[in-house]
Amino acid sequence: MIDLGPHGGYILGSYAFTALVLCGLILNAIRDQRAQKRALADLQAGAPAGDRP
Amino acid sequence: MWTRLANPGHFMRWSGALLPWLAGLSAAGVALGLYLSWFVAPPDYQQGETVRIMFIHVPAAWLGVFFYGSMALSAIGTLVWRHPLADVAQRAAAPIGAAFTLICLVTGSLWGKPMWGTYWVWDARLTSMLILFLIYCGIMALWRTMEDPNRAARAVAILTLVGAINLPIIKFSVNWWSTLHQPASILRMGGSTIDPSMLYPLLTMIGAATLTGLSLHLYTMRTEILRRRVRTLTIREAERLDAGAVGLAQARADAVPLGQAL
């Protein structure tokens with residue numbers, strides 16, 4: 001384990017915040033695309049969007 | 001060739017084939033960049049281990065500015081050529097650029113506390129980056145206020161171009177004003193002032209972050225195209241149902257004998 005010295009909290013905090021934001025961005029992008037694909041499949045199958053479960 | 005590649009149908013085909021490769025390359029680049037910046041780059045003689053924050057702060061700053069630059073080019077595409085993919089590209093880039101700008105602001109702040117003794121100063125570079133983040137937020141909010149995507153695209157394109165004035169201010173703020181933020185140390189006349197032992201890991205992280213940002217951008221552009229298809233089909237479906245309801249009402253009215261109360 002690297003000794004990060006007295007400012008280790010700031011260093012780890014920076015990397016943790018970056019990881020959090022990037023993971024949020026990626027997961028939100030995946031969730032959004034899945035939702036759009038589902039809505040498109042429903043519409044193309046002829047079911048009105050409002051009738052979806 | 002560009003016109004053909006920028007056709008939404010063609011775009012979905014080539015971007016679908018390219019994305020897995022680009023995502024794989026991004027993941028490998030990030031892994032290599034993290035290895036170099038944590039295990040190969042030495043601690044700085046003044047900053048010590050805190051210099052490791054720079055390996056994420058600088059790529060985030062670059063991407064915050066890069067995505068806004070790409071949005072400004074897309075805005076020209078929307079206003080001049082009214083290209084459908086230009087607005088799609090702009091809309092997909094805004095949250096990614098905003099996220100990287102936020103990372104830049106927060107990591108810069110976390111670096112500033114131990115190095116400068118404060119999380120924040122109203123210095124020209126820091127303030128212009130904060131303004132960039134607020135412009136991103138304003139653009140995303142403006143999109144949500146307008147129902148019609150064509151009207152929203154034009155309004156957002158104008159706001160984006162007005163906000164692009166901030167880009168040279170960000171770049172040259174450290175030269176024009178006396179700032180606490182250090183002047184340019186990578187892209188400058190006379191070459192980089194960073195030692196190669198830190199410069200190459202930093203350049204690797206910048207490259208990897210750019211690939212990651214571009215992969216995300218392509219992915220969200222595909223989602224945006226799907227969203228527009230969903231919207232078009234929903235409107236068509238609503239029109240079809242409306243036409244059906246009108247036809248049914250007309251048929252009922254026709255079925256009632258003349259003079260009979262409805």
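How many residues does the contact take from chain B and from chain A? The contact takes 29 residues from chain B and 24 from chain A, counting two residues as in contact if their C-beta atoms, placed from the backbone, lie within 7 Å. On the chain B side, helix 4 and helix 8 (196–255) are the elements that give two or more residues. Helix 8 of chain B brings the largest share, 12 residues.

A quick word on ground rules. This is a predicted model, where local features need pLDDT of at least 70 and side-chain atom pairs count only at pLDDT 80 or more, while totals for chains, interfaces and linings use all residues. Residues are numbered from 1 along each chain as its sequence is written, with chains lettered from A and ligands numbered from 1 in written order.

Axes are lines fitted to C-alpha atoms over the stretch in contact, with angles from 0 to 180 degrees between N-to-C directions.

| Helix pair (chain B) | Axes come within | Crossing angle |
|---|---|---|
| helix 3 (54–81) and helix 4 (84–116) | 7 Å | roughly 155° |
| helix 5 (124–145) and helix 7 (166–176) | 8 Å | roughly 160° |

That makes helix 3 of chain B roughly antiparallel to helix 4 of chain B (the term covers angles over 145 degrees). Helix 5 and helix 7 of chain B are therefore roughly antiparallel too. In their contact, residues including Met129(B) and Leu132(B) of helix 5 meet residues including Ile169(B) and Val174(B) of helix 7.

Definitions and conventions:
Helix = DSSP H or I, 4+ residues; strand = E, 2+ residues; numbered from the N terminus. Parallel < 35°, antiparallel > 145°, perpendicular 65-115°, else oblique.
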